Amino acid sequence: MRPTLTFHGAAGCVTGFCAELDTGEARLLIDCGMFQGSKTLKALNYGDFPFDARRIDAVLLTHAHIDHSGLLPKLMRAGFKGPIFATAATRDLCEVMLADAGGIQEAEVRELNRRNQRRGRPTVEPIYTARDAARLMPQFETVRFDEPRDLAAGVTATWSPAGHILGAASIMVEIASETGPLKLLFSGDLGPGGSDFVAEPRAPAGCDYLILESTYGDRERLVADAVARRSELAAEMREAHAAGGPLLIPAFAIERSQELLMDILAVMDSGEAPAGDVFLDSPLAIRATEVFLKRGWNPTTGRNPFEALRRSGRLRYLEKPAESDRLERLKGWHVILAASGMCDAGRIRRHLKRLLWRRECTVLLSGFQAAGTLGRILAEGAERITIQGEEVRVRARIRMFDAYSGHADAAGLTNWALARRPIGGHVFLVHGEPSASAALKTRLGEAGIAPDRLVIPQMGDRFALHGPALEALPAGPRRIAPDAAARPDWHNDRTRLLLRLNAALDTAPDDAARAALIGRLASILGDAGDR
Ligand SMILES: [Zn+2]
């Protein structure tokens with residue numbers, strides 16, 4: 001049998017990465033990520049996997065981010081019993097992240113079920129619980145960078161640093177096939193380089209197929225060195241202080257948050273930014289920080305830069321929800337970091353609900369914001385939003401600050417890909433919104449990779465791999481319309497419409513005008529709307 005490669009997630013969108021490699025003798029998953037973004041996309045997390053989890057022999061994990069690892073406990077619940085191969089840092093981070101993700105789902109489902117019961121709707125189950133996440137951990141087997149590992153019959157894989165977050169890797173998978181050995185290189189998420197605690201991205205050159213992420217395939221970022229980045233941050237903090245404070249930072253718990261935190265403390269200590277209390281309001285980020293203290297050693301200096309977090313007298317760790325609640329009474333200048341980074345879950349939502357209407361508050365968005373998330377909606381300048389069903393006017397200052405992103409930009413992705421040549425077969429561009437993947441395709445074409453070798457797969461697309469040749473096979477059932485993954489969905493549209501309706505009613509000159517507007521809308525809805 002010819003080996004096949006199927007894309008089950010992060011194809012046509014940025015989240016939910018999951019690729020299935022069937023060698024004929026072994027069936028492997030590369031990552032098993034959770035979908036984030038619009039409700040339509042997140043609904044995929046609740047549905048059945050488009051494959052039989054009991055027949056997967058092993059998972060090869062690139063890194064711990066939830067959009068790459070977040071459905072592993074669900075995979076176990078669906079009957080997967082095999083090993084999960086990952087670096088030690090990825091394993092340690094998964095232990096804290098998956099337990100946290102399970103806890104968030106339990107809490108959100110409790111809240112949702114209360115609403116569903118009041119509305120007379122059926123209740124739902126969490127995708128998995130914190131306990132499921134703990135039960136999964138014995139299935140992890142750790143691998144070392146640059147050491148080839150035999151994983152299954154005819155399959156060898158090697159992990160190399162991807163420079164993205166602690167433990168993150170690109171994975172070269174070598175398989176035996178009818179036409180001879182085949183090499184597939186999965187980039188994983190690639191970092192920009194220049195980090196103080198993760199190795200520079202490197203991977204071997206020469207493969208048959210390259211599976212390349214394209215998150216920032218359409219963006220050039222000014223490459224800021226550590227000093228420039230710090231002074232930009234200090235300027236943002238000074239402006240936030242001048243506006244009256246506080247400063248709210250939706251935090252990617254394990255991306256560059258720990259670095260951001262170190263710089264916030266440093267610029268306060270040096271006097272470049274006004275000093276004040278700094279709250280890390282994320283149990284996950286607190287536990288992740290412990291992993292960084294254990295594993296975040298600079299390979300050259302042998303020092304652990306995160307030690308600075310231990311020494312600071314300004315930093316307060318908030319573990320319990322009651323401690324988070326007490327922030328409500330705080331006045332004046334202070335800084336709060338709370339997860340999640342795209343504002344689609346976690347404690348940040350409650351802070352946004354209580355602070356977004358206040359002009360003196362500043363919200364600093366510090367990384368990639370997927371389509372349909374609250375973070376993206378704020379970034380695009382919405383004047384009113386809803387959080388947990390409640391309408392909130394946005395008067396806070398919304399600032400974008402991308403200098404701490406863990407992703408390579410378009411030039412970085414292109415250079416990394418070119419350094420992997422010779423590439424005998426095709427390059428699959430995944431893990432990007434359609435415009436980003438298309439822009440990277442153009443760029444790689446201009447850089448000398450033949451355009452017919454550049455493929456942008458959709459979710460469910462399946463390919464047979466023969467030597468360097470490629471054959472598209474009939475795709476499995478589409479779980480989502482090909483163009484639906486990366487745009488706001490009808491839930492977003494409904495919210496916008498309701499907000500517009502409320503605004504129109506608020507500003508109507510009198511009750512007669514309001515009654516006329518409601519009458520016109522009711523007539524469109526017809527009889528169904530009268531009930
Ligand atoms: Zn990532």
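**Loops, strands and charges in a predicted model**

H431 is placed in the loop between β20 and α14. Helices (DSSP runs of H or I, at least four residues) and strands (runs of E, at least two) are numbered from the N terminus. The structure is a predicted model, in which local features need pLDDT of at least 70 and side-chain atom pairs count only at pLDDT 80 or more, while totals for chains, interfaces and linings use all residues. Residues are numbered from 1 along each chain as its sequence is written, and side-chain values use heavy atoms, with hydrogens and water left out.

H431 is not a glycine, yet its phi is positive, at about 55 degrees. H431 is buried, because its relative accessible area is 2%. Buried means under 20% relative accessible area, exposed means over 50%, and partly exposed lies in between (1.4 Å probe, protein chains only). A10 also has a positive phi, near 50 degrees, and is a residue other than glycine. A10 sits in the loop between β1 (4–9) and β2 (18–22). With a relative accessible area of 0%, A10 is buried.

Two cis peptide bonds were examined next. One runs from G245 to P246, with omega near -5 degrees. P246 belongs to the loop between α6 (226–242) and β12. Another joins R421 and P422, where omega is about 5 degrees. P422 lies in the loop between α13 (410–418) and β20 (427–430).

Strand β12 spans residues 247–250. L247 and I249 point one way from β12, L248 and P250 point the other way, and all are buried. β12 pairs with strand β15 (residues 334–338) in the parallel sense, over 4 bridges. Two strands pair if DSSP finds at least two bridges between them. V335 in β15 is the bridge partner of L247. β12 also pairs with strand β16 (residues 362–365), again in the parallel sense, over 2 bridges. Here L248 stands opposite V363.

An open sheet is formed by 7 strands. Their order is β7-β8-β9-β10-β11-β20-β21, and the pairing is mixed. The edge strands are β7 (149–152) and β21 (454–455), each of which pairs on one side only. Strands of a sheet pair through backbone hydrogen bonds, either parallel or antiparallel. β7 and strand β8 (residues 155–161) run antiparallel and are joined by 3 bridges. D150 stands opposite T156 in β8.

D452 is placed in the loop between α14 (434–446) and β21. D452 counts as exposed, because its relative accessibility is 61%. D452 and V427 are 25 residues apart in sequence. In space, they are 9.5 Å apart, C-alpha to C-alpha.

The structure holds 32 salt bridges. A salt bridge is a side-chain nitrogen of Lys or Arg within 4 Å of a carboxyl oxygen of Asp or Glu. R77 forms one with D132, and the closest N and O atoms are 2.6 Å apart. R77 lies in helix α3 (residues 72–77) and D132 in helix α5, so the pair ties together parts that are 55 residues apart in sequence. R77 is partly exposed at 42% relative accessibility, whereas D132 is buried at 7%. D132 forms a salt bridge with R135 as well, the closest N and O atoms being 3.1 Å apart. D132 and R135 are separated by about one helical turn, because they are 3 residues apart in helix α5.

D52 forms a salt bridge with R54, with the closest N and O atoms 3.1 Å apart. D52 is partly exposed, with a relative accessible area of 29%, and R54 is exposed, at 62%. A network of salt bridges links R91, D92, E95, K294 and R295.

On the surface, K39, R118, R119, R121 and R494 gather in a patch of positive charge. Patches are made of residues with over 30% relative accessible area and no salt bridge; like charges are joined within 9 Å, and nonpolar side chains (Val, Leu, Ile, Met, Phe, Trp, Tyr) within 5 Å. Lys and Arg count as positive. The place of a charge is taken as NZ of Lys or CZ of Arg. R121 is in the loop between α4 (88–119) and α5 (130–136). R121 is partly exposed, with a relative accessible area of 48%.

Definitions and conventions:
Accessible areas come from the Shrake-Rupley method with a 1.4 Å probe; for residues, only the protein chains shown count as cover.
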